[in-house]
Amino acid sequence: MENIQKNKRELIGLIVSDKMDKSVVVQVERFVQHRVYKKFMKQYKKYQAHDEKNICRIGDTVKIIETRPLSKLKRFRVGEIVKKAV
């Protein structure tokens, strides 16, 4: 049987915590328009992601990919590091 990849969500965000073993917390930012005032505002959401090799550090920008549930809160894994922290 072929290994067919379905449509998985890919998000880009900033790592805000790497204190766990093989896990990181990624903060994803998005712009939404206010319903009444039509002003664009930033909204943030934090996702826990699986980092198998513990290579990500705080401040890195990473791409996370949706996957099967890995634990109670982890539904994403780190796909690639887009930009390393200085």
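**Note on a five-stranded chain**

1. Of the contacts (heavy atoms within 4.5 Å) in the chain between residues at least 6 apart in sequence, 49% join residues at least 24 apart. The model is predicted, and local features need pLDDT of at least 70, side-chain atom pairs count only at pLDDT 80 or more, and totals for chains, interfaces and linings use all residues.

2. The chain has zero helices and five strands, where helices (H or I, at least four residues) and strands (E, at least two) are DSSP runs numbered from the N terminus. Along the sequence this gives the pattern β-β-β-β-β, and the C-alpha atoms fill a box of roughly 50 × 40 × 25 Å along the principal axes.

3. Buried residues (under 20% relative accessible area, with exposed over 50% and partly exposed in between, using a 1.4 Å probe and protein chains only) make up 27% of the 86 residues in the chain.

4. Most residues other than glycine have a negative phi. Lys22, however, has a phi near 60°, a positive value, and is placed in the loop between strand S1 (10–17) and strand S2 (23–33); because its relative accessibility is 32%, Lys22 counts as partly exposed.

5. Asn54 has a positive phi near 55° and lies in the loop between strand S3 (40–50) and strand S4 (61–66). Asn54 counts as partly exposed because its relative accessibility is 27%.

Terms used. Residues numbered from 1 in each chain as written. Heavy atoms only, no water.
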